[in-house]
Amino acid sequence: MNLEITEAKVMIYKKAGNNEAAITEWQKLHEVFPGKKEYLKRQVDELVKMGRFDELEPLYKKILEIDPNDADTKVKLARINTKNLSRLEQLNALEVMFEDAAIPAEKKVRAMLPFIESLAIDFDSLFAISLLDKSKKLTDQYPESAMAYALLADVYNQTGDMKNAAESYGRTVAIDVSNAVVWEQYLFALSETQQYEKLMTASEDAMDLFPNRAEFFLLHGTAQMASGNWEDAINFSDQALI
């Protein structure tokens with residue numbers, strides 16, 4: 001028994017609509033090669049496609065017995081273990097995952113995104129405080145992660161702390177200049193907090209990077225207007241309409 005034979009059998013069984021037999025083939029291959037986590041992950045994939053989510057936890061635990069540093073599996077297991085908790089309890093339960101240095105910043109940030117969306121829909125101060133605390137910890141853990149700073153900035157934005165939001169968005173674009181959406185949030189935060197000198201410089205950078213984004217020209221016009229440069233403000237506003 002080897003991978004090629006198993007894949008061929010699985011394909012035949014799935015075409016015949018016999019998904020249970022397909023899963024069994026992966027189980028058999030894992031029994032032959034118990035140290036290969038990949039075959040357990042193939043079982044997971046089949047179960048997910050069938051919507052049999054209640055059967056995933058034992059497989060995740062087996063995968064982590066083979067490879068305790070499997071970041072994907074750690075995140076997935078953490079989600080399963082928190083699914084029946086309140087959103088604040090779910091967030092706090094991720095603390096163990098956050099302290100695990102083996103899990104990269106990107107995966108931790110992605111695990112946090114649903115909580116950001118939840119806060120936007122239903123604001124709660126205690127939940128916001130916990131979310132802010134964990135977001136700050138991520139930037140401490142990963143000071144070179146643009147995603148971590150963008151997450152922190154979004155939390156500040158949701159809580160109405162636009163000055164700190166602007167600072168964190170600024171840290172984000174200093175690390176990675178490629179995200180136009182983050183630039184937009186940064187410029188709006190600078191405008192809202194009336195940091196017009198910074199807005200002037202930052203909007204110039206944004207226009208150079210994204211010459212087709214009209215909002216950047218409008219925001220640069222706002223900075224020019226705040227500085228009393230009315231003619232330049234009109235010119236850049238007109239360019240935004242072209």
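This is a predicted model: local features need pLDDT of at least 70, side-chain atom pairs count only at pLDDT 80 or more; totals for chains, interfaces and linings use all residues.
Residues are numbered from 1 along each chain as its sequence is written, and side-chain values use heavy atoms, with hydrogens and water left out.

Two packed helices are described by the angle between their axes and the distance between the axes. Helix H2 (residues 19-32) and helix H3 (residues 37-49) have axes 8 Å apart and pack at an angle of about 165°, where helices are DSSP runs of H or I of at least four residues, numbered from the N terminus, and axes are lines fitted to C-alpha atoms over the stretch in contact, with angles running from 0 to 180 degrees between N-to-C directions. H2 is therefore roughly antiparallel to H3 (angles over 145 degrees count as roughly antiparallel, and those under 35 degrees as roughly parallel). In this pair, Ile-23, Trp-26, Gln-27, Leu-29 and His-30 of H2 meet Tyr-39, Leu-40, Arg-42, Gln-43, Glu-46 and Leu-47 of H3, contact meaning heavy atoms within 4.5 Å. These residues divide into six nonpolar, three polar and two charged (Ala, Val, Leu, Ile, Met, Phe, Trp, Tyr, Cys and Pro count as nonpolar, Asp, Glu, Lys and Arg as charged, and the others, Gly among them, as polar).

H3 also packs with helix H1 (residues 3-15), at an angle of about 10° and with the axes 13 Å apart, which means that H1 is roughly parallel to H3. Leu-3, Glu-7, Val-10 and Lys-14 of H1 make this contact with Tyr-39, Arg-42, Glu-46 and Lys-49 of H3, and by class it has three nonpolar, no polar and five charged residues.

The contact of H12 with H14 has six nonpolar, two polar and two charged residues.

H12 also takes part in the lining of the largest pocket, to which helix H8 (105-121), helix H10 (146-159) and H12 each supply at least two residues. The largest share, six residues, comes from H10. By class, the lining has eight nonpolar, four polar and two charged residues.

Conventions:
Angles under 35 degrees count as roughly parallel, over 145 as roughly antiparallel, 65 to 115 as roughly perpendicular and the rest as oblique.
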